[in-house]
Amino acid sequence: MRTEDAESAQRHFANKIEAIARLGGGVAHQFNNLLTAILGTADLVLADPKLAPAVRADLNDIREAAQRAAAITRQLLAFSGSQSVSFRPIDVNELLTQLEPMLKHVVPNNVSLKMRLDSSGLVEADPIRVEQVVLSVVLNAVDAMAQGGSVTVTTQDVNAIPSSETQQGRAGAFTEIVVADTGYGMDDFARARLFEPFFSTKDTQGGGIGLGLASVYGTMQQLDGGVVIESLLGAGTRVRLFLPRAKAAVDAEMTAGPSATSGDGEMVPSEVILVVEDEPAVRAPICRQLRNLGYFVLEANNGEDALLVMQEYHSPIHLVITDVMMPEMNGAELVSLLRDWYPHMRVLFISGYSEQYLEARGGTVQGSAFMAKPFSLDDLKHRVREMLDVGWQKM
């Protein structure tokens, strides 16, 4: 009976978190559209050399605030499992050794940091996401030790993820990273809600917004691993992170994305770009920037509108920049139709969702590139030039 109760509680937790994650991912996607519009418009105005210094300063403040907001959406996407990840074999011990100087920088003088790295071999993961998770957990540990203490980071190879209140156990080959602190720990109420977004045990003044452990949970799920937190009030906390070991057959040499150096975006009036985006506030600065760079730009507000535009325009197009999730016809469906007419055109998908999330739902096509919103117009300029110069095709 006790086992049945535990399994029921795990299912209830998983269903609750999945529902919140879907909501958070959708909110982040819409928010990324708004941030892309804000950043794009600010970039366009800031490019004016005659801009008054006071106005330039105000715009830079707006841009900085938008970038901070973008960081919050990245945490929401991590929690929802919609953040982009790039799997490859990595040495956890080497990664943590390289991360140690940064960890020591964020740990105050009254907290000691110790490492004991005993794992062997490689794990299959995204090194950037693993670094973010470890850094987030260490920062949480530091916040729990206002009077000082110690943080110990250890690694070891294990054969299973243990069962907990929030997930079922799972056998397999894993590397475990443990971050243990001597802080004040958590009570039963906090432990029951620690993975919920916007729940925080910190003071509201200067504290977090409650996305730290939520994003850790989402990232570890996305990495096909797990996280178990053991904590008692007054007795510290142990955060146990589990990453799948790399298969022996995996080649450590992974195919990279585009490697050529992008050009400077000089005037190239002979190159034609079709921009398809259903959010006018996002589409307008993109098209304006591309026209400022000298490209011939066609624009459409959805897939059906794009087909009508192309019926009236009978010359070749060199690049399609299209949003993915649009009403009536998504970006992948549009590209499939356009390639019947222009088989050699290049494709750049843009979206507030991650590439992995979209691929799982058939939202992208082979031979295309991807840019996650929000992005700066300068990033867009270089990516467009890069694609037109080298025509990168994803493997």
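This is a predicted model: local features need pLDDT of at least 70, side-chain atom pairs count only at pLDDT 80 or more; totals for chains, interfaces and linings use all residues.
**Exercise 1.** Work out which strands stand at the edges of the five-stranded sheet.

Solution. 
- Start with the strand order. The open sheet runs S2-S4-S5-S7-S6, with mixed pairing.
- Now look at the ends. Strand S2 (111-117) and S6 each have a single partner strand, so one side of each lacks a neighbour in the sheet.
- From one strand to the next, it averages 20°.

**Exercise 2.** Describe how strand S7 pairs with S5 and with S6.

Solution. 
- Take S5 (residues 170-181). Its pairing with S7 is antiparallel, over eight bridges. Here Ala 180 faces Arg 238 of S7.
- Take S6 (residues 226-231). It also pairs with S7 in the antiparallel sense, over six bridges. Val 228 is opposite Arg 240, and Gly 226 is opposite Phe 242.
- Check the link. The hairpin of S6 and S7 has five residues between the strands, and Gly 234 has a positive phi near 85°.

**Exercise 3.** Explain why S7 counts as largely enclosed, and find the helices that touch it.

Solution. 
- Count buried residues. In S7 (residues 237-244), seven of the eight are buried, so the rest of the structure largely encloses this strand.
- Find the helices. Helix H3 (residues 92-106) touches S2, S4, S5 and S7. Helix H4 (residues 127-143) lies across S4, S5 and S7, at about 40° to S5.

**Exercise 4.** Decide whether Arg 63 is buried or exposed.

Solution. 
- Locate Arg 63: helix H2 (residues 53-80) holds it.
- Apply the cut-off. Buried means under 20% relative accessible area. Arg 63 has 17%, so it is buried.
- List contacts beyond four places in sequence: Leu 39, Asp 43, Leu 46 and Ser 376.

Definitions and conventions:
Residues are numbered from 1 along each chain as its sequence is written. Side-chain values use heavy atoms; hydrogens and water are left out. Buried means under 20% relative accessible area, exposed over 50%, partly exposed in between (1.4 Å probe, protein chains only). Helices (H or I, at least four residues) and strands (E, at least two) are DSSP runs, numbered from the N terminus. Two strands pair if DSSP finds at least two bridges between them. Contact means heavy atoms within 4.5 Å. Axes are lines fitted to C-alpha atoms, for helices over the stretch in contact, and angles run from 0 to 180 degrees between N-to-C directions.
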